[in-house]
Each structure stands twice: as structure tokens, then as C-alpha cells.
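Here are some notes to read alongside the model, written as numbered points. Please keep the sequence and the structure open while going through them.

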Amino acid sequence: MLLPPDPVLPAGYVMRPMQWSDLPEVHALEQRLFPLDAWPLSFFEEELAQVGPEHDGGTRAYRVITGPVPGRVPDHAFSGQNTPVVSALTTQGGGEAGAAEGEAGPAEGETGAGEGAGVVLGYCGLMCVPPLADVQTIAVVPEAEGLGLGTAMLQWMVAESARRRARDLLLEVRADNPRAQALYVRHGFEHIHTRAGYYPGDAAGGAPGAGNARVDALIMRRHLVG
Ligand SMILES: CC(C)(COP(=O)(O)OP(=O)(O)OC[C@H]1O[C@@H](n2cnc3c(N)ncnc32)[C@H](O)[C@@H]1OP(=O)(O)O)[C@@H](O)C(=O)NCCC(=O)NCCS
């Protein structure tokens, strides 16, 4: 299996398990980033309730990336001193296994200051029931697009799926989202199926569900073995 390289984040940015205390911030971002089909808060709550190590029955894994808002980034942040995600987790008392054990628990152990402090700029979620894993969600705020945060989260989900012994990682993307599709293709995903009219149409065509053309969902797959 060809795993992606370890995800690397710009200096000052940290990827860590999503906590219950992140939900208000994450849900606010969700409504902003997915105005047509945002998850209700209860979806996130149901997902986080299923987080945990696989040996304990956990089928979900969620991460957030926090850091300074670009535009207010100190000069040193992009001086070339990038932060490997693994060491970033380690500095928070985590590491992959430790982070999985503690994820989505109460906010204890969560970094509240220093490295890792900052606003939530991106989040992602994985469901893994081998042999299949699914990207449940991935999003980055527009202010932080193009920094590599989406790439880092995708690389983490590929590696985490493989670690949990999934054979394939699947995802679903709107047909009118070429940017996300390009990211997925670059990371080895192929289009395997189309779910016609799965998503609400563009708001420009009218209110969601009010007769405007619906948008296809593309199902994409990345093999993790062989
Ligand atoms: C799709 C998304 C997750 C990508 O996140 P991101 O953090 O911007 O991704 P990255 O910074 O890792 O960049 C990915 C690629 O896009 C390129 N890119 C960056 N900014 C770009 C822009 N404004 N326009 C086009 N391409 C851009 C980068 O150069 C990079 O290309 P590379 O892999 O060849 O280097 C993010 O745009 C997003 O959350 N969009 C809204 C929500 C969404 O569509 N989610 C996906 C649902 S399936």
C-alpha cells in the first residue's frame, strides 16, 4: 500500500481530535461553508458519540485544525518551519494512539493556550467499518484555503483508514465542486458512481428544495491496499 507522506501543517497550526467543546464553533462554520446542505448540530453530536478507538467499538474519528486566522498571521508562521502533524499531536500529549483514546471526550487535556490555541479553521470526519472507510466531511474556511490544511486532513484520513485496516476510502462530492474533486483526484481518488440529483441545487436557482435543479453526487474511491 502506498500511504501519503505524513501531513505537514504551516507553523502555528495544529491538527487535534475534535472535542465536544468545539461543536458550537464547528457547527457555525458548517452553516457558513455548506449553506445548502449543512449538517444540523445533532448530526455532529451523533457522530462524536461514536468516536473512539476501534478496539472499543469506535467507528468515527474527527479532527479539527486550529491556528491563527490568515491575514493576522505572524511573519514567522510561514518562514519555512512547517509542523509535522504527528509531532504537533505529540506536543499536546497525544500521538495518534493517545489522541484516538482521548478524542471527543470532555475538553480535558485540550490545549487552550500556546501551540494549538487559535480558532478552528478546518475540520474533518471519518467513518471506518472495515473493509470500508468513508470521508464524512472535510472543510476549510475560505480565509485559510490554499495553505495545505485540506491536504493535511485528507492525508490524515487516508492514513487513519489504513491504520484501521480499511481496504477502500470512499467519499461523496457535489458535481458542482470541481475544486474539491481536483484535490481528491490528486490524492488518488477515482470517480466510481454518480448519485443523480442527490444534493439540493444552487441557491441561485431558488431556495433549496423549491424546484431548483438538484445537483449530482459523485462517489469517489481510493484503494488503500494492493
Ligand atoms: C476543498 C477544500 C477542503 C480544500 O481545502 P484547502 O485547505 O484549501 O486545500 P489545500 O490548501 O490543501 O489545497 C488543495 C489544492 O488546491 C489548490 N488551491 C488552493 N487554493 C486554491 C484556490 N483558491 N483555487 C483553486 N485551487 C486552489 C492548492 O494549490 C492545492 O493544490 P495542490 O494539491 O496541487 O498543491 C476547501 O476548499 C473547502 O473546505 N471548501 C469548501 C467546503 C468543501 O467543498 N468541502 C468538500 C466537500 S466534499
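This is a predicted model: local features need pLDDT of at least 70, side-chain atom pairs count only at pLDDT 80 or more; totals for chains, interfaces and linings use all residues.

1. Within helix 1, the residues Val26, Leu29 and Glu30 are buried. They cover an arc of only 105° around the axis, and therefore they lie on the same side of helix 1. An α-helix has 3.6 residues a turn, so residues that are three or four places apart point the same way. On the other side of helix 1, Pro24, Gln31 and Arg32 are exposed.

2. What covers the buried residues of helix 1? The cover includes helix 2 (41-48), strand 3 (60-67), strand 5 (119-129) and strand 6.

3. Helix 2 can be read in the manner of point 1, for its buried residues are Phe44, Glu47 and Leu48. Seen down the axis of helix 2, these buried residues fall within an arc of 95°, so they line one face of the helix. Ser42 and Glu46, on the other side of helix 2, are exposed. The elements that cover the buried residues of helix 2 include helix 1, strand 3, strand 5 and strand 6.

4. Turning to the chain as a whole, it has 6 helices and 9 strands, and 34% of its 226 residues count as buried. Among the contacts between residues at least 6 apart in sequence, 73% join residues that are at least 24 apart.

5. Which residues touch the most other members of the largest nonpolar core? In this core of 42 residues, they are Ile65, Tyr123, Leu149, Met153, Met157 and Leu169. Helix 5 gives the most to this core, with 8 residues. In soluble globular proteins, nonpolar side chains tend to be buried together.

6. Once its neighbours within four places in sequence are set aside, Gln155 is in contact with Pro4 and Pro7. Although Gln155 and Pro4 are 151 residues apart along the chain, their C-alpha atoms are separated by 6.0 Å.

7. The ligand is surrounded by 17 residues, of which Val140, Glu145, Gly146, Gly150 and Thr151 are the closest. Strand 6 (132-140), helix 5 (149-163) and helix 6 (178-186) are the elements that give two or more residues to this shell, and the largest share, 4 residues, comes from helix 6. Sorted by class, the shell around the ligand has 9 nonpolar, 5 polar and 3 charged residues.

8. How many bridges join strand 7 and strand 9? Strand 7 (residues 168-174) and strand 9 (residues 215-223) pair in the antiparallel sense over 7 bridges, and Val173 stands opposite Leu218 in strand 9. Strand 8 (residues 190-199) also runs antiparallel to strand 9, and these two are joined by 6 bridges. Here Thr194 has Leu218 of strand 9 as its bridge partner, while Arg195 stands opposite Ala217. Strand 8 is hardly covered, since the count of buried residues among its 10 residues is 1.

9. Two places in the backbone are worth a careful look. A cis peptide bond, with omega about 15°, joins Pro130 and Pro131, and Pro131 has its place in the loop between strand 5 and strand 6. The other place is Arg165, where phi is near 70°, a positive value in a residue other than glycine. Arg165 sits in the loop between helix 5 and strand 7, and it is partly exposed, with 13 other C-beta atoms within 10 Å.

Notes:
Residues are numbered from 1 along each chain as its sequence is written. Two strands pair if DSSP finds at least two bridges between them. A residue is near a molecule or strand if its C-beta atom, placed from the backbone, lies within 6 Å of it. Ala, Val, Leu, Ile, Met, Phe, Trp, Tyr, Cys and Pro count as nonpolar, Asp, Glu, Lys and Arg as charged, and the others, Gly among them, as polar. A residue is buried if 20 or more other C-beta atoms lie within 10 Å of its own, exposed if 12 or fewer, and partly exposed in between; C-beta atoms are placed from the backbone. The arc is that of the directions from the helix axis to the C-beta atoms. Two residues are in contact if their C-beta atoms, placed from the backbone, lie within 7 Å. A nonpolar core is a set of buried Ala, Val, Leu, Ile, Met, Phe, Trp, Tyr and Cys residues joined through C-beta atoms within 7 Å.
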